[in-house]
Amino acid sequence: MAALWTLSLLFSTCLGCLGLTPPAELPQPHNQPPSLDFNSSDGGLSVDLPMALRVFSVDYHHVQAPFEIVLWIMLASLAKLGFHWSGRVPAVVPESCLLIMVGLLVGGVIYGVRHSAPPTLSADAFFLFLLPPIVLDAGYFLPGRLFFENLGTILWYAVLGTLWNVLGIGLSLYGVCVLAQSSLGDVSLLHCLLFGSLIAAVDPVAVLSVFQEMHVNEQLHILVFGESLLNDAVTVVLYKLFESFLRLPSVSGLDVLLGGCRVVVVGLGGLFVGLFFGLVAALTSRFTSRAQVIAPLFVFLYSYLSYLTSEMLHLSGIMAIVTCAVTMKQYVEANVSERSNTSIQYFLKMWSSVSETLIFIFLGVSTIQDVHMWSWPFVCSTLLLCLVWRATGVLLLTAVVNKLRRNAVTFRDQFIIAYGGLRGAICFSLVFLIDDFPKKRLFITTTIVVILFTVFVQGMTIKPLVELLDVKRKKRALPTVSEEIHSRLIDHLLAGIEDVVGYWGQHYWKDKFEQFNKKYLRRFLIREDHQARSSILRVYQELERREQRGEEEAPPIVDPRSHSRPLLPEEMDSIRRILSRNLQNFNNKQMPAYSRHTLHQDTTTGKTRRPLHRHQSLGERYTCNTITHWSQEDREFDGSHRVRAGLSRSHTVCSISPRPILQDSSIPAASAQTGPADPKSSAAREDRISPQHQIPVGRAPKKHLSFVLENEK
Amino acid sequence: MGSSSSSIDNIPNAQEIMQETGFSAAHLLRLYERFQFLDRDQTGKLRPEDFGALRELAMNPIGDRIIGAFFSPGQETVDFPSFVRILAHFRPTDSNRTREGPQQEPANSRTRKLKFAFQLYDQDRDGKISRAELLQVLRAMLGLQVTEEQLQSIAERAIQEADLDKDDAISFDEFRKSLEKVNIEHKMSIRFLR
């Protein structure tokens, strides 16, 4: 634990030393657009033998840019690692705080070594490279149903709440500037409004990172999180609006009206761009069966493309990428193989994690700057006003929206929404993009202070406060199959009753969408053989998938497509094991995948190691399961397993691990129960599935696991 | 909707129905107009065919069960008070309603809502959802999308999860228990019927 910290310190000093420039060139002056990399042009050091071949030379300049980028990412990752190893610290201090502190440290070191400001986070690098992965990850794992059920409330908070905050903070700050005429007299109203627009917005990165640590109930989580995502449209528009107003000689009412229209255009435009790319991505994924390895790539490419396109058109990039992710998710998951799905999810988590870490570290580094302009009234009043306006905004809006909602947002929830409005790197980047004017330094300093305050103070205290207020904790269970079935029934029931009553309600639209989805979208966007799915089935499979991941030894399902011939027996084997495991203990170990740090929730790190360890040893002898009931059939498969082990590494992702011996008593019971259904089912199955599935009739008890097979095809 | 200008007085026993079900006068009037609309041959009673004329309802996977729920066992027609009583189940639950009316539980309580849903499964009214009944509903909802084994395993799993006394059927209490985390009051309410 301490070793990792010293290691990261070592790295930071390494970076500091690298920052040493030879006296040949001075570091760049600071008011040029800051860039991500060091601007040191280091000459190559070499051991010079006069006019002889250089035996040993160091050419740092050649690899400088990628080298430094990698070092930064390495630092970020080691810091994150150290954080997770440091015992009880994560419980008290959120990760974002620690990362900022590491950033501060590194920045201090670099400053001390170079005697000039360290590199700061360039707005371009942030908006183009660091922000998209985080938002994509958030969008992909967005709980869809919950989000759409609360969409009205979320929009209410996002649009109106942000407007309220912006105008409130902007106008009040102007009042403060007027009052403190002596020091702040030259800050105009438009400047204040501009500042208000960038400081009022709640930041999804910061919110996610803090809310991840505490487990609040789902509804609250989706409200805060959804708001932080959707307010991007409003923020972007207002910011650009005020900026262009600043450049205009005068502002008329028409301009304000046009600004209002722009909000709608930006938001909806982003939405449509996202929809378009999402559908195209879904369509593309339909054809990836022959080149599965690159299937995940399409997900990332299309999402990123949607982001870039909407940024190009000055629309809301965040909305575009979130819409793209939400749209393509169900089709992509149906189309690509299980392993590709896992890859997608893992890469998303990884990239967003790295991005987030980098952002916070750079926030820390960028705080160490040459010139800070400080003004007590401005900074303190900004802090105060941010809190006050957010609190009043939330209270007022909730009072109105509670009349229309079924589940009222309680006072405790409101407190969390108000207090959990953290600001983050988006404000920081936006403030750098302001055109230069005398008080820009002041704005930058204030923004940094606000961000640090919200992340540290609010981030650290929110958890104790939540416990104090006893917020309804999120219940950690997935919907069971029963719940899903009954919920579905109730949905149908309500749709029917609404028809009887003649009322178009929420269920009506949901049903209509589902019908449209089934009739047109799914048929078009999903591969023929994968189309037979309904949500109950999906939940069932998802539960199986999650349980199998969440178990102590968590092997991913072996993908049969990687083999030239249909290797059904082994697959049946693993599926059988999964299902029998399910029949044993289905109630425990159910957890949502919506976790920032891990894809599947491994309660101890030791559990993750075993599948990975097994990954190394593809050639290892297949250790079969220990279900004695089926063990004799297993031995038949050993031979074919070893054959498979020899196949190329690029296709197989191994790891089938042994399992503890389960109680055998229930297994015969399970198979006995499904026995009667099988003779009929075998005939039915042969008709429905493509000829690739040639299951010998003797394997009757395992046939009911065939739907997972279809998933694999 | 109703062509004649009906007022609350045209509805027989309006006050009693309002008291029993908790509907307001405006809603009752609206439901009466809807009832008259559905009742195409103006007999004052609805028959299953009247319900079947609703196209969306006909396409609903469990449409026939919903229609069946309106009719008491053995009855061929449903009159307006019964119609309203069934629909009262779908009123939003009001937590602070003063109970002036009948002493029994109001129609839109959580238990009554769940009972209504339970009876959609339990067509033979034996108080339990047997495996066969569950399979019927699953088959209706999932249709041709799944194979027989998949249906069997899903039904198996559902019964396993819910069945606490291991009698291979889901009783009402087990049903209620398996749905304890679901916000039934929200899910089974039509907001405008408040």
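In this predicted model, B:Asp39 is in contact with B:Gly44, B:Lys45, B:Leu46 and B:Asp50, leaving aside its neighbours within four places in sequence. B:Asp39 belongs to the loop of chain B that runs between α2 (25-38) and β1 (45-46). A polar atom of the B:Asp39 side chain lies 2.6 Å from the backbone nitrogen of B:Gly44. Although B:Asp39 is buried, it has no salt bridge. B:Arg47 carries the nearest side chain of opposite charge, at 6.1 Å, and the cut-off for a salt bridge is 4 Å.

The loop between α2 and β1 of chain B also holds B:Gln42. The phi of B:Gln42 is near 55 degrees, a positive value in a residue other than glycine. Most residues other than glycine have a negative phi. B:Gln42 counts as exposed because its relative accessibility is 54%, the threshold for that class being over 50%.

A positive phi occurs as well at B:Arg125, which is not a glycine and has a value of about 55 degrees. B:Arg125 sits in the loop of chain B between α7 (110-121) and β3 (128-130). With a relative accessibility of 40%, B:Arg125 counts as partly exposed.

Another loop residue of chain B is B:Lys166, placed between α9 (148-162) and β4 (169-171). Is B:Lys166 buried or exposed? At 65% relative accessibility, B:Lys166 counts as exposed. The side chain of B:Lys166 reaches the backbone oxygen of B:Asp163, at 3.3 Å.

The relative accessibilities of several individual residues are collected below.

| Residue | Relative accessibility | Class |
|---|---|---|
| B:Gln42 | 54% | exposed |
| B:Arg125 | 40% | partly exposed |
| B:Lys166 | 65% | exposed |
| A:Cys261 | 42% | partly exposed |
| A:Cys324 | 0% | buried |

A disulfide is a covalent bond between the sulfur atoms of two cysteines.

Buried residues form 55% of the 713 residues of chain A and 50% of the 194 residues of chain B. In chain A, 82% of the contacts with a separation of 6 or more come from residues 24 or more positions apart. For chain B, 55% of the contacts between residues at least 6 apart in sequence join residues at least 24 apart. The accessible surface of chain A is about 30,600 Å², and 67% of it belongs to carbon and sulfur atoms. In chain B the accessible surface comes to about 9,200 Å², with 48% belonging to carbon and sulfur atoms.

How values were computed:
Residues are numbered from 1 along each chain as its sequence is written. Chains are lettered from A and ligands numbered from 1 in the order in which they are written. This is a predicted model: local features need pLDDT of at least 70, side-chain atom pairs count only at pLDDT 80 or more; totals for chains, interfaces and linings use all residues. Side-chain values use heavy atoms; hydrogens and water are left out. Buried means under 20% relative accessible area, exposed over 50%, partly exposed in between (1.4 Å probe, protein chains only). Contact means heavy atoms within 4.5 Å. Accessible areas come from the Shrake-Rupley method with a 1.4 Å probe; for residues, only the protein chains shown count as cover. Helices (H or I, at least four residues) and strands (E, at least two) are DSSP runs, numbered from the N terminus. Lys and Arg count as positive and Asp and Glu as negative; His and the chain ends are not counted. A polar contact is a pair of N or O atoms within 3.5 Å; within protein, one must be able to donate a hydrogen and the other to accept it, and residues adjacent in sequence count only if both atoms are side-chain atoms.
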